[in-house]
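Hello,

Here is the structure I promised to send over. Please have a look at it, then read my notes below.

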Amino acid sequence: MNDVILSRIAEALTWTGRYVERADATARILDAYLHRMLEDPWRDEDMACRSLYAILGMDAGPAPVDMQQVLDQLAFDARSTGAIEGALGAARLNARSAREAVSSAMWECLNATWHALAEQRRAARRTGPYGYLELVRSRAALFFGLADSTMSRDDSWRFVVLGRSLERVDMTVRLLSVRVLDAAHAPDWPTLLSASGADEAYARVYGGFGDTPRVAEFLLLDRDFPRSALHALTTAEECLAALGRPRQDPARRPIGRLRTRLEYLDTHALEEQLPPLLKDLQTACMASAEAVAERFFPYQGPVVWAREGT
């Protein structure tokens with residue numbers, strides 16, 4: 001293969017990992033908010049919807065918003081990669097362009113999921129979105145499970161995992177940033193845990209379901225939970241090291257520094273350090289993603305948490 005083909009495959013695999021993780025994370029967030037609104041029917045729907053928009057970096061506008069509008073924009077919009085359907089469609093297109101690198105089982109998983117979305121979307125409008133969101137979550141878990149069980153631990157697998165890891169850090173930071181920095185739209189701690197898929201893992205560690213700022217410590221610093229910032233940064237750095245990037249490489253250095261900072265952070269001072277730390281985490285991930293794009297697919301622009309159309 002020549003360098004252009006290798007760059008194309010590396011880019012496609014990285015974005016496949018990012019888009020599937022994005023769809024999974026968005027489904028978790030929507031599911032968590034929907035369940036909280038069912039449990040608390042007096043909850044302000046407009047405020048909850050604005051919180052969702054804030055997490056995902058969208059402007060809700062001045063007019064009142066409801067959950068159906070949120071679902072139309074963040075779940076069912078096939079034209080936006082910031083929505084579940086658009087992200088899965090983009091993941092499918094990227095996987096198709098790298099068919100020689102992904103396993104048949106991974107491709108079939110994405111392809112079957114994409115074709116099942118239309119029927120689930122129609123059912124969601126009649127009976128609610130829970131089946132739709134569950135399909136997305138279960139198929140995302142299946143896709144990454146198949147990646148781990150059917151791909152050799154070569155560079156192709158590393159690009160998929162690298163994309164997934166960078167997206168995980170970004171989404172965790174977004175959830176915490178809204179809770180810490182945007183008081184008007186802040187979700188409560190239990191909702192934030194559920195949106196991260198971390199409620200049961202947190203309960204096993206701390207013996208409760210998370211109603212304190214200790215949730216931030218878990219989501220940032222836990223070494224064993226796969227969606228914690230520390231775990232995802234460690235995984236991303238390991239992928240870059242295996243791809244031959246030295247410690248001072250522009251792609252590896254930013255996340256290596258933040259990974260070290262998290263490892264040795266004084267947890268007693270975490271609450272006061274949280275706002276600048278979250279900003280630094282997001283900046284580091286963006287810098288690393290841009291450097292990965294420049295190094296491995298230089299003909300293309302930098303990788304960002306984009307809302308471009310598919």
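With which side chain does the side chain of R227 make a polar contact? The partner is the side chain of D24, at 2.7 Å. (A polar contact is a pair of N or O atoms within 3.5 Å; within protein, one must be able to donate a hydrogen and the other to accept it, and residues adjacent in sequence count only if both atoms are side-chain atoms.)

Before the rest, some ground rules. This is a predicted model: local features need pLDDT of at least 70, side-chain atom pairs count only at pLDDT 80 or more, and totals for chains, interfaces and linings use all residues. Residues are numbered from 1 along each chain as its sequence is written, and side-chain values use heavy atoms, with hydrogens and water left out.

Back to R227. It lies in the loop between α10 (214-221) and α11 (229-242). (Helices are DSSP runs of H or I, at least four residues, numbered from the N terminus.) R227 counts as buried because its relative accessibility is 13%; buried means under 20% relative accessible area with a 1.4 Å probe, protein chains only. Beyond neighbours within four places in sequence, its contacts (heavy atoms within 4.5 Å) include E21, R28 and R168.

Now α5. A kink of about 35° is centred on L117. (The bend is the angle between axes fitted to the seven residues ending there and the seven starting there.) L117 is also among the buried residues of α5, as are W107 and T113. Just after the helix, G128 has a positive phi of about 110°.

Best wishes

Note on methods:
Helix = DSSP H or I, 4+ residues; strand = E, 2+ residues; numbered from the N terminus. Buried < 20%, exposed > 50% of the residue type's maximum accessible area, 1.4 Å probe, protein only.
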